[in-house]
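Dear colleague,

I am handing over the structure that follows, together with notes on what was found in it. Please read the notes with the structure open beside them.

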Protein chains: 2
Amino acid sequence: MSELLKGKEVADAINKRSIETVNELKEKGITPALAIFRVGNKESDLSYERGAEKRCEEVGVKVVKYVFDEDVEIEDFYDKLLDANNDPTIHGILVFRPLPKRFDDELLRNSINPYKDVDGCSDLSLAGLFTNKKTGFAPCTAQAAVEILDHYGIEVSGKNVVIIGRSLVIGKPLSMLLLNRNATITICHRKTVDTPLIASKADILVCAAGEPEMVNKNYTNPHQIIVDVGINWNVEKQKICGDVLFDEVEPLVKAITPVPGGVGSVTTSVMVSHVVEACKRGY
Amino acid sequence: MSELLKGKEVADAINKRSIETVNELKEKGITPALAIFRVGNKESDLSYERGAEKRCEEVGVKVVKYVFDEDVEIEDFYDKLLDANNDPTIHGILVFRPLPKRFDDELLRNSINPYKDVDGCSDLSLAGLFTNKKTGFAPCTAQAAVEILDHYGIEVSGKNVVIIGRSLVIGKPLSMLLLNRNATITICHRKTVDTPLIASKADILVCAAGEPEMVNKNYTNPHQIIVDVGINWNVEKQKICGDVLFDEVEPLVKAITPVPGGVGSVTTSVMVSHVVEACKRGY
């Protein structure tokens, strides 16, 4: 029976810190505000948006929504984005990506005011991870994984951390975040030979491959801490599952984040804390 | 007896490709040009500068030097840097860093026109490594290590690559360059527990710790390829040495780069190729 690293109490602690900062800002007459940009009505976007709005309300962050039809003119979209970039009463900007294909994703990422890039997608934010400077923000899910380790007092310095997955939103940024905290980092991916063997040597295993229930007992050891970043829909079982075959792995390791209720439940709180931090940095 | 991965023939091949591009550009009436910024007369700067000038001359790249006294006014330095940034006849800019302490290194890095940042030090260049886009350039020494592997036909895809060192100029950027080529990457550093054990499992071992002759037989295996990025002065032996204890390690591994005559002898050619590439991109 392993320790369950639940996300809720991590999120609560982050929210508590955010609320304290919001109260300090409000005393100065400042209310942190998030602008949400959404094109179309994708269910995943709407679901995240509902969560973000709820969290913002709890914390005391204002939300301004910019919602566009699927066939919005590119120019009209960017007009509004520029408005938000330049609006001193907006402190964070979240754009639901990917936008429709006619939008250039690289141009979009870098058209968001980097000081307001609370989702950590701009080149400046990514460079900040590299240089270990507080330029921009880390992508929220990568940051959420770190927050969970921190909250549960899991030391990463000198530990062998294996990350499965090398995406721009999790694998790569998380490798830099943990390297900056003195972990020894190994990044595995589709082309890696014998990932289970490598993973089974890890003190901390981060699963961010996006492969439902890929990580089974062969990836584990009894002292291991597993952070499961995967959020996948299991068609057969008709439920959300992670990258870890939970029922098999959970009894064999020291600690593990559940899915749902793990990393995913911390991400929104991280994003809102970035809005608050962006606001604080500006004043 | 291992294969010696000498830098000279790699540099020659890079120069040959650069010369071909320079000739194409010259047919259009364009001469690639590098601006070198140096403050003071540090021997290491002067030595690199001499090498760069020689290489530029061979390849057909013009060099414009901006040399300042150690006590130059910050404003005067930046005036000239801005000139070079905006001068359409300058395609690459190399600033010898670190500058005297009163210069802010982060400001400096990001004051170089990113399209001319042939040494890959600006945030935009670092972000390009992250996103695997040709934004800016990779730091020259990191790129040189990759060029050596490529030249000698050493496949990195699916291989276990261990990098010792996590600096912004080698360890971190090289990890991204090799990850983008599908290597499985492990980054070790001062806080890593049992680096020799981890290194001894590597197919390819990159030594970039800056610790003279630290890597001994305990770090190796008979199938291993070693890239020694270290350039250190051995006081006792009164000669340049790498991070590898060469005489002990060389007979035990499959292939190794010598020091001197390895990675270091490729770096300048990479830098000059970046000037040529920057020029080509602009036209």
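**Where the two chains meet**

Strand 6 (residues 184-188) of chain A and strand 6 of chain B run antiparallel and are joined by three bridges, where two strands are said to pair if DSSP finds at least two bridges between them. Helices (H or I, at least four residues) and strands (E, at least two) are DSSP runs, numbered from the N terminus. Within this pairing, Thr186(A) has Thr186(B) in strand 6 of chain B as its bridge partner.

Before going further, please note that this is a predicted model, in which local features need pLDDT of at least 70 and side-chain atom pairs count only at pLDDT 80 or more, while totals for chains, interfaces and linings use all residues. Residues are numbered from 1 along each chain as its sequence is written, and chains are lettered from A and ligands numbered from 1 in the order in which they are written.

The contact between the chains takes 24 residues from chain B and 24 residues from chain A, with two residues taken to be in contact if their C-beta atoms, placed from the backbone, lie within 7 Å. On the side of chain B that touches chain A, the elements that give two or more residues are helix 5 (123-131), helix 7 (171-179) and strand 6 (184-188) of chain B. Helix 5 of chain B provides the largest share of that side, six residues. By kind, the residues on this side of chain B divide into 10 nonpolar, eight polar and six charged; here Ala, Val, Leu, Ile, Met, Phe, Trp, Tyr, Cys and Pro count as nonpolar, Asp, Glu, Lys and Arg as charged, and the others, Gly among them, as polar.

**Chain A as a whole**

Chain A is divided into domain 1 (30-116) and domain 2 (140-264), with bounds that come from an automatic or database domain assignment. The centres of these two domains of chain A, taken over C-alpha atoms, are 29 Å apart. Chain A has 10 helices and 11 strands, and its C-alpha atoms fill a box of roughly 50 × 40 × 35 Å along the principal axes.

Of the 283 residues of chain A, 49% count as buried; a residue is buried if 20 or more other C-beta atoms lie within 10 Å of its own, exposed if 12 or fewer, and partly exposed in between, with C-beta atoms placed from the backbone. Among the contacts in chain A between residues at least 6 apart in sequence, 68% join residues at least 24 apart.

**Strands and core**

In chain B, strand 2 (residues 33-39) is mostly covered, since six of its seven residues are buried. Seven bridges join strand 2 of chain B to strand 3 (residues 62-68) of chain B, and the two run parallel, with Ala35(B) opposite Val64(B) in strand 3.

Strand 8 (residues 225-228) of chain B has Ile225(B) and Val227(B) pointing one way and Ile226(B) and Asp228(B) the other way, and all are buried. In a regular strand the side chains alternate between the two faces of the sheet. Strand 8 of chain B pairs in the parallel sense with strand 7 (residues 204-207) of chain B over four bridges, and Leu205(B) has Ile226(B) as its bridge partner there. Strand 8 of chain B also pairs in the parallel sense with strand 11 (residues 255-256) of chain B, over two bridges, and Ile225(B) stands opposite Ala255(B).

The largest nonpolar core has 166 residues, of which Ala145(A), Val206(A), Ala145(B) and Val206(B) touch the most other members; such a core is a set of buried Ala, Val, Leu, Ile, Met, Phe, Trp, Tyr and Cys residues joined through C-beta atoms within 7 Å. Leaving aside neighbours within four places in sequence, the contacts of Ala145(B) are Leu174(B), Val206(B), Val227(B), Val229(B) and Val263(B).

**Backbone details to check**

Most residues other than glycine have a negative phi, and most peptide bonds are trans. The peptide bond from Val259(A) to Pro260(A) is cis, with omega near -5°, and Pro260(A) lies in the loop between strand 11 (255-256) and helix 10 (264-282) of chain A.

Asp194(A), which is not a glycine, has a positive phi of about 60°; Asp194(A) is partly exposed, with 13 other C-beta atoms within 10 Å. Glu213(A), also not a glycine, has a positive phi of about 55°, and Glu213(A) counts as buried, with 21 C-beta neighbours inside 10 Å.

With kind regards
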